[in-house]
Amino acid sequence: MHPKITPDHLGRGAVVYIRQSTMGQVAEHTESKRRQYALAESARSIGFASVAVIDDDLGRSGSGLVERPGFQKLVASVCSGSIGAVFCIEASRLARNGRDWHHLIDLCALVGTLVIDPDGTYDPRLVNDRLLLGLKGTMSEYELSLLRQRGLAARDSKALRGELQFILPPGYCWNEIGQIEMDPDERIGGVIRLLFDKFQEFGSARQVLLWAQDRALQLPITRRNNGSVCRIEWRPAAYHTVLMILRHPVYAGAYVFGRTTQRTRIVDGRAHKTTGHSKPMTAWNVLLRDHHPGYISWDQYEKNQKLISENAHMQRRTDRKSARGGRALLTGLVRCARCGRTMRVFYGSQSGHAHRYHCRGDDSHVGGWLCIGVGGVRVDRAVAAQIVEAVSEHAIEAAIQAVNQSEKADAKI
């Protein structure tokens, strides 16, 4: 028995902490899992009569960005003083970030708990052991960062060549030599072309959706099975499906990668990452035009995106908006001076009642106060007067120019 392991440690029992980062590792890297579970028998052979196994974190990353109930259970057990030793296969199993690692080591030093791995037995109360444990934790964190950096660099390099394969939207598939080609299923291709044709006809994604729903048209969507196998399912038309098809640049023959990004915020003292945040086209990681056959041209794609953006009302964008029906002169054009959103038009219930322009802000809560509300009649009259004045001045200038040209022509004669 190691001299650092005292009868007091043996009497308090031991904990074996088991972790693997992903469910894929849990299913495929069975040897690592077997070695970790074998630590329980090693602890009993040393002399620990009570050995608990914590495996709640199988399939959870140790980077500190996800909740680890098993690690929290381990910390609680150490704080109670009932644990004499913590067994792990290596430092990276306990934590891949300095915050969790050093917090655990500090607690072990306070209550006199040992940290034991196949390389040795460490007492955090000893300066040399504390230094070595600190280096192990730092190297574990650095190793994760290095592996991630290498992986991202290799991924981006392959994407720049247009060779990185990912799940394609309905209508496309990868061939045997790693190229993007149109799906040979004529039903899928026919529906995709029909949607683009109807958008050219109606000029509105919502109208395309209503047309598809009126005819009970089903649209293809891609479903992922077992992480890598994909299949096409046919579902009733939904707005997000129609919009995805109309906005995806792959249908214009472009290879794109990195259209979305992730954001990090602090939640309960921990970093919390969210993905799927769209980026502007100028910030996309990769954009290779004319990469493969497209259902529409790139010029048509840009026109479609401009039209979709102009049709989006109540957004804080600066694009001009398409007007809608009603008596109001500035429907879809007037904006709030406070928040920049497009103002809505409200008409009275009685015939001939004056209309008003209202801004409801972000509508984050029902029944909230208006951001701005103004009467529409005076505004429309003022704008109309300016238009008439501008048109009159233009007509006068045109008439003066016509007279001058006529006088010059007479003078030449």
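Two strands count as paired here if DSSP finds at least two bridges between them. With that in hand, here's a quick tour of this predicted model. The chain has 413 residues, and 37% of them are buried. Its secondary structure comes to 13 helices and 16 strands.

**Sheet β14-β15-β16**

- Three strands, in the order β14-β15-β16, make up an open sheet with antiparallel pairing.
- At the edges sit β14 (344-346) and β16 (372-375), each of which pairs on one side only.
- On average, neighbouring strands in this sheet are turned by 25° against each other, direction ignored.
- Zooming in on one pairing, β14 and β15 (residues 356-359) go together in the antiparallel sense over 3 bridges.
- If you want a residue pair to click on, Val345 has Tyr357 in β15 as its bridge partner.

**Around strand β4**

- Strand β4 (residues 114-117) is covered on both faces. Leu114 and Ile116 are buried on one side, while Val115 and Asp117 are buried on the other.
- β4 runs parallel to β3 (residues 85-87), and 3 bridges join them. Ala85 has Leu114 in β4 as its bridge partner.
- With β5 (residues 120-122), β4 pairs in the antiparallel sense, again over 3 bridges. Here Val115 has Tyr122 in β5 as its bridge partner.
- β4 and β5 form a hairpin, with 2 residues between them.

**Salt bridges**

- The count for the model comes to 19 salt bridges. In general, side chains of opposite charge can pair when their charged atoms come close.
- Asp8 and Arg12 meet through their side chains at 3.4 Å, N to O. The two are separated by about one helical turn, because they are 4 residues apart in helix α1 (residues 7-12).
- Asp8 counts as partly exposed, because its relative accessibility is 47%. Arg12, at 17%, falls under the 20% cut-off and so counts as buried.
- Arg68 and Asp100 form another salt bridge, at 3.1 Å, N to O. Arg68 lies in the loop between β2 (51-58) and α5 (69-79) and Asp100 in helix α7 (residues 98-111), so this pair ties together parts that are 32 residues apart in sequence.
- Arg68 has 3% relative accessibility, so it counts as buried. Asp100 also has 3% relative accessibility and counts as buried.
- There's a network here too: salt bridges link Arg68, Arg99 and Asp100.
- Arg215 and Asp214 are salt-bridged as well, with the closest N and O atoms 3.4 Å apart. Both Arg215 and Asp214 are exposed.

**Positive phi in loops**

- A bit of background first: most residues other than glycine have a negative phi.
- Ala216 has a positive phi, near 55°, and is a residue other than glycine. Ala216 is found in the loop between α10 (205-214) and β8 (218-225). Its 64% relative accessibility is why Ala216 counts as exposed.
- Asp290 isn't a glycine either, yet its phi is positive, about 55°. Asp290 lies in the loop between β13 (286-288) and α12 (298-311). At 71% relative accessibility, Asp290 counts as exposed.

**Surface and contacts**

- The chain's accessible surface comes to about 24,200 Å², and carbon and sulfur atoms account for 53% of that.
- Leu131, Leu132 and Leu135 make a nonpolar surface patch of about 280 Å².
- Within that trio, Leu132 sits in helix α8 (residues 127-160). Leu132 counts as partly exposed, because its relative accessibility is 36%.
- Of the contacts in the chain with a separation of 6 or more, 56% come from residues 24 or more positions apart.

Technical notes:
Residues numbered from 1 in each chain as written. Predicted model: local features only at pLDDT ≥ 70, side-chain atom pairs only at ≥ 80, totals over all residues. Heavy atoms only, no water. Patch = residues over 30% accessible without salt bridge, like charges linked within 9 Å, V, L, I, M, F, W, Y side chains within 5 Å. Areas by Shrake-Rupley, 256 points an atom, 1.4 Å probe, with all protein chains shown as cover. Salt bridge = Lys/Arg side-chain N within 4 Å of Asp/Glu carboxyl O. Buried < 20%, exposed > 50% of the residue type's maximum accessible area, 1.4 Å probe, protein only. Axes fitted to C-alpha atoms, helices over the stretch in contact; angles between N-to-C directions. Contact = heavy atoms within 4.5 Å.
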